Amino acid sequence: MREHHLTLPLAPGITDDVLAGDIVHLSGEVVMSIGLPTFRRLRQELHDGVPPPLDLRGAALMHISSSGRRLDDGTHELDYINTTTTTRFDGVMPDLIRGYGLSVVGGKGGLGEESARAMRETGTIYLSIPGGGATLLSSAVREVVEVHWTEYIWQFQLIKTRFEELGPLTVGIDAHGTSLYSDLKSKAENRLPAIRAALSARREADLRARP
């Protein structure tokens with residue numbers, strides 16, 4: 001396990017050396033939202049050739065929630081940020097990763113095999129954000145840069161935020177397609193027969209021990 005301090009936008013090829021299980025501290029501008037309708041709209045407009053309201057080419061697009069508001073002077077501020085489970089976005093992420101050549105995606109819970117394949121094609125990394133770490137994560141916020149699709153509730157809006165040393169974040173899926181989540185699933189599945197056999201043997205022993 002190694003530690004990386006990455007600054008967005010990422011230079012081409014820099015993710016080649018960032019491997020699954022490594023630790024990342026991320027600085028720079030991240031686009032965030034937790035709205036499934038938001039991500040579905042991004043995918044639909046991508047297919048329709050409609051440009052997004054902010055530049056997503058090579059961007060970091062992450063499943064991060066927040067609480068915030070627009071101030072009287074037109075700027076925005078955040079109270080806190082936290083992450084959400086990314087598995088519910090798995091159906092839209094492969095198209096977004098490929099279509100925009102995203103450099104970083106992230107949240108908690110991981111993404112599936114098709115997303116991992118898309119990441120391998122584009123050199124994207126998935127960063128696992130610790131759940132329940134609002135205080136730690138929020139301390140990395142420096143400013144809200146842009147806010148779009150304000151017809152949605154705040155958490156569903158597209159919010160570009162500048163971070164400094166957001167982390168520690170774990171590389172859950174690297175740019176080579178290696179996935180900690182897939183590895184854990186395979187290990188768990190390989191252990192199931194032995195676990196079932198042990199449970200069956202215990203039940204039989206309990207039955208024999210009964211008077």
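I call a residue buried under 20% relative accessible area, exposed over 50%, and partly exposed in between, with a 1.4 Å probe and protein chains only. This is a predicted model, where local features need pLDDT of at least 70, side-chain atom pairs count only at pLDDT 80 or more, and totals for chains, interfaces and linings use all residues. Residues are numbered from 1 along each chain as its sequence is written, and side-chain values use heavy atoms, with hydrogens and water left out.

Helices (H or I, at least four residues) and strands (E, at least two) are DSSP runs, numbered from the N terminus. Helix H2 covers residues 93–100, and its buried residues are Met93, Pro94, Leu96, Ile97 and Tyr100. What covers them includes helices H1 (36–48) and H3 (113–122), and strands S3 (60–62) and S6 (104–107). Just after H2, glycine 101 has a positive phi of about 60 degrees.

Now the packing. Axes are lines fitted to C-alpha atoms, for helices over the stretch in contact, with angles from 0 to 180 degrees between N-to-C directions. Contact means heavy atoms within 4.5 Å.

How do the axes of H2 and H3 cross? They cross at roughly 10 degrees and come within 8 Å. The two helices are therefore roughly parallel; angles under 35 degrees count as that, over 145 as roughly antiparallel, 65 to 115 as roughly perpendicular, and the rest as oblique. On the H2 side, Met93, Pro94, Ile97 and Arg98 meet H3 residues including Glu114, Arg117 and Met119.

The axes of H1 and H2 come within 10 Å and cross at roughly 50 degrees. That makes H1 oblique to H2.
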